[in-house]
Amino acid sequence: MEQRTLGRTGRDVSVIGLGTWQLGADWGEVSERDALAVLDTSAEAGVTFFDTADVYGDGRSERLIGTWRAEHPDTVLTIATKMGRRVEQRPEHYTLANFRAWTDRSRRNLGADTLDLVQLHCPPSAVHASDEVFDALDTLVAEEAIAGYGVSVETVSEALRAIAREGVATVQIILNAFRHKPLEEVLPAAQLAGVGVIARVPLASGLLSGRYTRETEFPATDHRSFNRRGEAFDVGETFSGVEYDTGVAAAHEFADLARAHGLEPATAALAWVAQQPGVSTVIPGARNPAQARSNASAGAVPPLGEDFMTAVGTLYDARFRAEVHPRW
Ligand SMILES: NC(=O)c1ccc[n+]([C@@H]2O[C@H](COP(=O)([O-])OP(=O)(O)OC[C@H]3O[C@@H](n4cnc5c(N)ncnc54)[C@H](OP(=O)(O)O)[C@@H]3O)[C@@H](O)[C@H]2O)c1
């Protein structure tokens, strides 16, 4: 598995990482056994970067990773968590005292003295303007509670503001075959500044696997049911913000392109993200070991070639650009 430097963390991580929201909650039921098997399988396949958050299952995802970590102390791994969403999203909550309390909890959950990377979890826009917030994060680094920090963002403009902060090691942003805007400015700016880019929701919440139809139903505890119109959080996090039926039709078109190229759609979708210059790591979520194994294999796909890249650009322009591009 190719390793790339994760921005200003200076750490090398696998180009295909693992998203572990599924191991917490909001994706229907994922048993503890499956969750641990996903971590096992990913590590065996060469994945060295796990992304989690303190809110995923109210700490379940972090605790499972902590359990797994304790059983594999010699595995070289970078674990990124996030903080800021256990309270209402208001700028006054982004204080040094809260940061200390939140990171202490994550350190306990993950069984780590020092967290490898902590990301602000899609904070309100006003937080990006606050020097105090970033000073507080620098204090956590000085106190060795965290080794580095980054920002997970919703929009391109938030990403650019984060990249401009000299202490920010990484930005995390949605990038996939249905979400192209970060290619224009975010990836070049991050490369220039030496900031790592963690590409999330690379399968558009599974749509890009091409498995779903208009009739597919998701459990009530799955955000693909309860957040389809942004009822609980930014709608961009669910199916990448595209209207479901439009997404299904476009995903079937994408699947035809992938298969004509000799690849499974999910593999092609992940390779498409991984092969964008400036991306450090791609973090597909997996609910079982088979998905984790298949996703890791995307790290070995040879360059997709200009024809494939152009076809994905054409699909995006036809189906999504007008609605998606101005919004995020
Ligand atoms: N605000 C934030 O910072 C934020 C927000 C969202 C996500 N994230 C992070 O980004 C990670 C990735 O995003 P995501 O999990 O939301 O979306 P995603 O990676 O685009 O989609 C994950 C879903 O895709 C399907 N899938 C995965 N591998 C597959 C395969 N090989 N074949 C077929 N289907 C496959 C599964 O759907 P089924 O469940 O239907 O099997 C899985 O639950 C998260 O786990 C989390 O770590 C962060």
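**Overall fold, sheet and helix packing**

Of the 328 residues of the protein, 56% count as buried. The structure is a predicted model, and the values reported here are computed from it. The protein contains 12 helices and 10 strands. Its radius of gyration is 18 Å, close to the 20 Å given by the globule rule for 328 residues, so the protein is as compact as a globular protein of that length. The C-alpha trace spans about 55 × 40 × 40 Å along the principal axes. Among contacts with a separation of 6 or more, 77% join residues 24 or more positions apart.

Strands of a sheet pair through backbone hydrogen bonds, either parallel or antiparallel. In this model, eight strands form an open sheet with parallel pairing, in the order E3-E4-E5-E6-E7-E8-E9-E10. Ile174 has Arg200 in E9 as its bridge partner.

Two packed helices are described by the angle between their axes and the distance between the axes. For helix H5 (residues 156-163) and helix H6 (residues 186-193), the angle is about 5° and the axes lie 10 Å apart. Because of this angle, H5 is roughly parallel to H6. H5 contributes Val156, Ala159, Leu160 and Ile163 to the contact, while H6 contributes Val186, Ala189, Ala190 and Ala193. The residues of this contact comprise eight nonpolar, no polar and no charged.

Methods. Residues numbered from 1 in each chain as written. Predicted model: local features only at pLDDT ≥ 70, side-chain atom pairs only at ≥ 80, totals over all residues. Heavy atoms only, no water. Pairing = 2+ DSSP bridges. Helix = DSSP H or I, 4+ residues; strand = E, 2+ residues; numbered from the N terminus. Axes fitted to C-alpha atoms, helices over the stretch in contact; angles between N-to-C directions. Parallel < 35°, antiparallel > 145°, perpendicular 65-115°, else oblique. Contact = heavy atoms within 4.5 Å. Nonpolar A, V, L, I, M, F, W, Y, C, P; charged D, E, K, R; others polar. Rg over C-alpha atoms; globule rule 2.2 N^0.38 Å. Buried < 20%, exposed > 50% of the residue type's maximum accessible area, 1.4 Å probe, protein only.
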